[in-house]
Amino acid sequence: MLDKGVERRGPPKPAGAIANALTLILRLILPVAALLAAFAMLWLLRAEVPQDLAFIEIIDPALVFSGASVDPWLNWSMVLLPVVFFIINLISRRYGPSAAMLGVVVSWLVLGGVIQWALSQGHIEDFESGIAPVPHAIAFAAALFGGQVLCVYFFEWLRGIPWWEAPLVAALVGGICFTFLHHVLLFWLTHDTMEGLWSGPVLPRLIALSVLQLIWSVGQLLPTAILRGIIRPLPGLGGA
């Protein structure tokens, strides 16, 4: 219909399911690649000794900073692991919780597919020797996934003003969840009984790792503040 030379138009048609799916896939390419890069970094640094943290021997005399003999509870992989939560915070800020959670799941699926491909092609002779002992791999993956889920949840719950609250709490809760869940799961998978779970230097170790998570959670606020003007929430998402 024409009214005084002006064509009346109805509301624009919403994008179809295929268009929405393609848009989501394109949006997730960079986030998933960033998470996979973080996974690769953690795996490559799993046996590297953080010599700068040798003072932690005070809380655990069994910890020896010489060559590769450092106890597996403290290596550069564990020290730098919170970068995963920093990446998830940026994804959550930009795309929201649904896309962030989907990015987490897709990154794990891609990682599993790559490992399976490498095993089938002979690039990795054996999972335990080439990747990690199965109990360690299960405990690490399950604990990190649990921490990622909590990170997404708390960021969405707290997003808004003040802007720093969501990334700080999300990274801290996710990191501490990983720290404790990783220890509990690994102990459960490698022992016949849960007796002795909290004996010896375990609590000092977990406190030290939790302090590292706190330091990272506070420290990542600086790059987050710098990137706030670049990585802005999509329309319809809250945030400051």
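**Helices and their neighbours**

Mentor: Pro233 sits in the segment after helix H9 (221–227), where helices (H or I, at least four residues) are DSSP runs numbered from the N terminus. This is a predicted model, in which local features need pLDDT of at least 70, side-chain atom pairs count only at pLDDT 80 or more, and totals for chains, interfaces and linings use all residues. Residues are numbered from 1 along each chain as its sequence is written, and side-chain values use heavy atoms, with hydrogens and water left out.

Trainee: What is the relative accessible area of Pro233?

Mentor: Buried means under 20% relative accessible area, exposed over 50%, and partly exposed in between, with a 1.4 Å probe and protein chains only. Pro233 counts as partly exposed because its relative accessible area is 22%.

Trainee: How far apart in space are Pro233 and Ser92?

Mentor: In sequence, Pro233 and Ser92 are 141 residues apart. From C-alpha to C-alpha, the distance between Pro233 and Ser92 in space is 8.5 Å.

Trainee: How many of the 13 residues of H3 are buried?

Mentor: The buried residues of H3 include Phe85, Ile88, Ser92 and Arg93. H3 is mostly covered, and its buried residues number 11 of 13.

Trainee: At what angle do the axes of H3 and H6 cross?

Mentor: Two packed helices are described by the angle between their axes and the distance between the axes. Axes are lines fitted to C-alpha atoms, for helices over the stretch in contact, and angles run from 0 to 180 degrees between N-to-C directions. The axes of H3 (residues 83–95) and H6 (residues 134–158) come within 10 Å, and their crossing angle is roughly 35°.

Trainee: Which residues in H6 meet H3?

Mentor: Contact means heavy atoms within 4.5 Å. On the H3 side are Val84, Phe85, Ile88, Asn89, Ser92 and Arg93. They meet, in H6, Leu144, Gly147, Gln148, Cys151, Val152 and Phe155.

Trainee: Where is Pro162, and which residue does a cis peptide bond join to Pro162?

Mentor: Most residues other than glycine have a negative phi, and most peptide bonds are trans. Pro162 is in the loop between H6 and H7. The cis bond there has an omega of about 0°, and the residue that it joins to Pro162 is Ile161.

Trainee: Why is H7 roughly antiparallel to H8?

Mentor: The axes of H7 (residues 165–190) and H8 come within 9 Å and cross at roughly 160°. Angles under 35 degrees count as roughly parallel, over 145 as roughly antiparallel, 65 to 115 as roughly perpendicular and the rest as oblique. The crossing angle therefore makes H7 and H8 roughly antiparallel.

Trainee: Is Gln213 buried or exposed?

Mentor: Gln213 lies in H8 (residues 202–219). Not counting residues up to four places away in sequence, Gln213 touches Leu81, Pro82, Phe85, Leu172, Gly175, Ile176 and Thr179. Because its relative accessibility is 3%, Gln213 counts as buried.

Technical notes
Helix = DSSP H or I, 4+ residues; strand = E, 2+ residues; numbered from the N terminus.
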